[in-house]
There are 2 protein chains.
Amino acid sequence: LEAEDAEALVRALEPVHAADIADIIEQLGHDERVALVRLYGGELDGEILSELDEGLREEIVGAMSPTVLADAVRELETDDVVDLIEDLDEPQTAAVLRALDDDDRAVVEQSLSYPEESAGRLMQRELVFVPEHWDVGQTIDFLRNQEDLPEQFYHVILVDPRMRPTGYVTLGRLMGSARKVKMVDIAEDSFRTIPVMQDEGEVAYAFNQYHLISAPVVDADDRLVGVITIDDAMVILDEEHEEDIMRLAGVGESSLSDRVIDTTKRRFPWLAVNLVTAILASLVVAQFEDVITQFVALAVLMPIVASMGGNAGTQSLTVAVRSLATKDLTSANVWRVIRREAAVGLINGLIFAVVMGLVGVAWFGTPLLGVVIAIAMVVNLVVAGLAGVIIPVVLDRLDIDPALASGAFVTTVTDVVGFFAFLGLAAVMLL
Amino acid sequence: LEAEDAEALVRALEPVHAADIADIIEQLGHDERVALVRLYGGELDGEILSELDEGLREEIVGAMSPTVLADAVRELETDDVVDLIEDLDEPQTAAVLRALDDDDRAVVEQSLSYPEESAGRLMQRELVFVPEHWDVGQTIDFLRNQEDLPEQFYHVILVDPRMRPTGYVTLGRLMGSARKVKMVDIAEDSFRTIPVMQDEGEVAYAFNQYHLISAPVVDADDRLVGVITIDDAMVILDEEHEEDIMRLAGVGESSLSDRVIDTTKRRFPWLAVNLVTAILASLVVAQFEDVITQFVALAVLMPIVASMGGNAGTQSLTVAVRSLATKDLTSANVWRVIRREAAVGLINGLIFAVVMGLVGVAWFGTPLLGVVIAIAMVVNLVVAGLAGVIIPVVLDRLDIDPALASGAFVTTVTDVVGFFAFLGLAAVMLL
């Protein structure tokens with residue numbers, strides 16, 4: 001298909017959804033991508049740009065001619081333009097802004113004045129609202145006389161005379177009610193407003209927790225300034241999850257279409273931290289060189305204790321980090337959760353202690369060695385359970401993202417404790 | 001508050017959203033929970049039940065009297081009843097079904113006839129549709145004459161004479177159009193139907209990918225049987241993410257409110273798998289007992305090689321598993337991704353090889369030892385990068401969930417290769 005046949009390409013991509021075209025572009029190699037943009041250029045519309053991965057957007061926008069870019073951008077809604085512009089550099093941003101007409105540019109510039117990742121950046125400014133004292137008939141007539149209603153809206157927001165939202169009515173409810181019914185009487189029970197400066201993660205949490213479909217955004221004086229709809233919240237929820245998974249694995253933001261050098265740079269810091277903690281653990285091992293020289297079996301069994309501790313630690317760590325993110329782990333239940341993790345560690349520790357004790361004896365024929373590894377196993381699994389909860393909770397209290405930093409701390413603790421318990425006990429009992 | 005004062009409790013919880021009450025219940029200990037249900041019983045409505053964690057639901061429903069349960073259930077929409085019932089055991093299910101009126105029971109029973117986690121279970125059966133040849137005026141009159149429109153709906157579905165959906169119109173568009181306009185002329189461009197047997201994960205993916213707000217569900221003959229709305233898709237997306245994170249950490253489905261024994265059981269299998277793989281790695285170490293006895297420094301440095309490999313493996317593994325889940329990693333780009341991971345592993349491997357080589361020499365004063373650990377580091381990081389992509393891709397092709405199983409395989413590979421490369425090289429070069 002990449003045989004320079006622009007027409008065939010355009011025809012082939014005609015029925016494909018913008019999101020899928022963006023995915024195809026992401027899967028191409030760099031050279032093919034340049035070729036595609038050159039051939040497909042004119043058809044690359046704003047929607048495809050919105051769907052592209054942040055890293056790639058800059059590359060593609062850079063490869064587009066200014067007039068094509070201007071065409072592409074003009075057909076987007078203002079919140080999509082804001083989303084697009086956020087990740088571009090100065091000259092590209094200026095080019096996009098120039099392409100907009102005056103009204104849209106003012107709106108986009110105002111959105112950009114809110115901090116990144118805030119509700120203000122996320123919201124749409126096309127609003128549908130009526131005074132709270134209106135009835136259904138008035139509202140329907142008003143809506144039907146509007147020149148340009150937003151393309152997507154699901155609620156009519158009710159406002160008081162000072163533009164403060166006081167409730168909203170779903171369009172379905174509005175349709176199904178008699179003309180004489182007061183709007184306030186058919187307003188939804190669960191009505192929440194979102195402060196314009198709220199973090200987008202909190203916004204997504206609120207949508208998910210309270211099953212919101214759309215929510216009015218208010219400024220510091222509680223006045224209506226925009227509206228956020230569930231589809232935007234869903235995108236954010238998806239991004240936040242992705243971030244959490246990637247952070248837990250020490251990968252940082254990343255995507256398959258990043259260049260090798262960027263990926264290498266992103267993964268480097270976590271590996272560097274890991275190297276330092278691994279050296280710490282090695283220093284513990286170094287204290288016991290004498291015992292190891294006499295009982296080389298210790299060197300053979302050592303990795304097992306560390307590995308089991310690391311795994312158990314990751315298990316409770318992951319549960320704790322997620323529970324913190326979903327606000328299920330709070331000061332109200334933190335002690336119970338800690339006791340619980342210790343208990344789980346103790347039970348699993350006892351079971352694996354018996355298993356490993358037997359393996360140790362069978363393998364090396366030294367009953368004392370079995371006892372040593374068994375005790376070390378129990379100690380390490382209990383400590384892993386405790387560290388897996390306590391470390392993320394403490395980091396969270398200190399306002400450090402637990403997903404990002406806990407892993408390194410927890411493995412350090414389990415490695416150090418594991419080696420120390422195992423080799424220390426061995427030194428005491430076997431020498 | 002738990003001072004047996006039922007009235008104060010009810011008053012205190014009056015303004016709290018059902019989702020938050022469910023969260024409070026989840027955070028209580030078992031005894032407090034029983035006390036709460038006893039005191040708060042009558043007020044525990046269906047909405048709170050729907051919001052509760054699956055594990056707890058059974059406990060709470062079991063503690064409720066049949067009449068209270070019946071009251072609670074009757075006020076729910078049918079899709080929420082289905083969701084509630086799925087996790088209950090036989091007698092409880094029967095009790096809930098008895099509480100419903102005949103129509104609702106028939107609907108619920110039919111939903112339950114679809115496989116678990118399918119679109120059929122997720123969909124609502126309250127539908128709003130009109131013949132495709134109608135105009136806006138006819139549709140509005142029809143809607144306004146309906147007795148009971150669903151509480152939440154955002155689109156009017158257009159169907160052909162054989163009940164096959166052919167498009168949909170948003171309520172906002174309907175409101176904003178003149179009465180004479182044909183419905184088909186204002187139908188949305190991006191219209192997708194969902195097969196009733198489709199997996200709910202695929203449904204959530206489609207909503208997220210194509211920014212759907214609601215989508216008609218069709219049976220095998222393409223006939224309209226239900227509708228899924230974005231709020232349900234968002235819940236599923238959230239659950240799927242949660243599952244992925246938990247599986248990657250080897251935790252399985254779990255929540256803070258599970259009992260200690262359940263949590264222990266869930267975490268046990270993964271630890272058992274890990275024990276086996278750790279023993280495998282130990283067997284490799286055991287082959288080199290002689291070298292270790294002579295150079296105990298090897299035992300000290302050994303954990304560093306394994307730990308770096310494990311971490312690098314987890315990094316590429318996590319990216320690969322997520323990319324498979326989001327369909328960004330496909331057969332079209334798998335080779336490029338594999339080459340990329342190998343390159344990233346090589347670059348980071350070379351950097352850390354230099355660092356660790358120097359550390360090794362400085363620490364133990366043996367240049368050859370530095371060379372050994374440096375080479376082992378490069379080998380292990382490249383292998384980690386490769387294993388981190390290839391293993392999940394192969395598992396995915398074999399229809400095994402890569403999130404669940406990859407971790408164990410990748411760490412086994414990195415441990416075995418790491419120890420073998422490090423100790424093997426040492427045996428060749430130092431002895």
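A residue is buried under 20% relative accessible area, exposed over 50% and partly exposed in between (1.4 Å probe, protein chains only). In this predicted model, local features need pLDDT of at least 70 and side-chain atom pairs count only at pLDDT 80 or more, whereas totals for chains, interfaces and linings use all residues. Residues are numbered from 1 along each chain as its sequence is written, chains are lettered from A and ligands numbered from 1 in the order in which they are written, and side-chain values use heavy atoms, leaving out hydrogens and water.

Glu117(A) has 39% relative accessibility and is therefore partly exposed. This residue sits in the loop between helix H9 (102-112) and helix H10 (119-122) of chain A; helices are DSSP runs (H or I, at least four residues), numbered from the N terminus.

Over all chains, the structure holds 26 salt bridges, each a side-chain nitrogen of Lys or Arg within 4 Å of a carboxyl oxygen of Asp or Glu. One of them pairs Glu242(A) with Arg322(B) at 3.0 Å, N to O. Glu242(A) belongs to helix H14 (residues 230-248) of chain A and Arg322(B) to helix H17 (residues 297-325) of chain B, so this pair joins two chains. Arg322(B) is buried, at 4% relative accessible area.

Within chain A, Asp401(A) and Arg247(A) form a salt bridge whose closest N and O atoms are 2.3 Å apart. The two residues are 154 residues apart: Asp401(A) lies in the loop between helix H19 (367-397) and helix H20 (402-430), and Arg247(A) in helix H14. Asp401(A) is partly exposed, with a relative accessible area of 24%.
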